Amino acid sequence: MRMRAVAISYAKSLAWIAILIAVAREVAGTGAILLYDFRHGWHSNILLMAIISLALWVIATIASLITFAPVQAFQILVIGIMQREFGDRARFAALSSLPITAVLTWYCYDYLTPNEFHFGARIGLYQNGISIARYLAALAVQTPTTLFAFLYFEADRHRRSKAPILIAALAVAIAIGGGILIYIQAR
């Protein structure tokens, strides 16, 4: 297991993570805009909605990269350090470092992203200071992200198709976006 291969795989998975978060945000945001638009009879705003949607897609992607790039780098570092002692089994260190990476996720989200950006919904992370609730929210976001990066790396390592992982992740992103949309509409 070469560290360069680990870093490349984790960088590719980070790009996919950013895209998947943008998809979830897009489902929630576009759905909310469409529902609001059709309720109020503003059907002529389709072009404006498309422009806003594209802008929010870009913002979600950038915020995802700002939030998760340091976390992915930390996981690569942990794997590299553990590889000296454990060899190929060091790849599991990314999973075992999850409690720490959740804190790093919270920190990056709380202090590095603009304070009014919330991935489509306020999930309780941005409050300047960590609490049990904010840590659990960060853990809930970081767990599938870490699992996705690990599974993506495993597919790379064993030279298997990543299509099943990507399809499953896309389905989860759409479901999360739909859940956020329902949450937004219920408020």
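Start by selecting α1 (3–40) and α5 (132–157): each supplies at least two residues of the lining of the second largest pocket. Helices here are DSSP runs of H or I of at least four residues, numbered from the N terminus. A pocket is an open set of points on a 1 Å grid over the protein atoms alone, where a 1.4 Å probe fits, with protein on both sides within 12 Å along at least five of seven lines; lining residues have an atom within 4 Å of a point.

You are looking at a predicted model, in which local features need pLDDT of at least 70, side-chain atom pairs count only at pLDDT 80 or more, and totals for chains, interfaces and linings use all residues. Residues are numbered from 1 along each chain as its sequence is written, and side-chain values use heavy atoms, leaving out hydrogens and water.

Now show the lining itself: Met1, Arg2, Ala5, Val6, Ile8, Ser9, Lys12, Phe153, Asp156, Arg157 and Arg159. α1 gives the most, with five residues. The pocket's volume, the space filled by probe spheres set on the points, is about 300 Å³. Colour the lining by class and you will find five nonpolar, one polar and five charged residues.

Zoom in on Phe148, Leu151, Tyr152 and Ala155 of α5, which meet Ile165, Leu166 and Ala169 of α6 (heavy atoms within 4.5 Å). This contact has seven nonpolar residues, no polar and no charged.

Select Leu98, Pro99, Thr101, Ala102, Val103, Thr105 and Trp106 of α4 with Arg134, Tyr135, Ala138, Leu139, Gln142, Thr143 and Thr146 of α5 to see the contact. Eight of its residues are nonpolar, five polar and one charged.

Methods:
Nonpolar A, V, L, I, M, F, W, Y, C, P; charged D, E, K, R; others polar.
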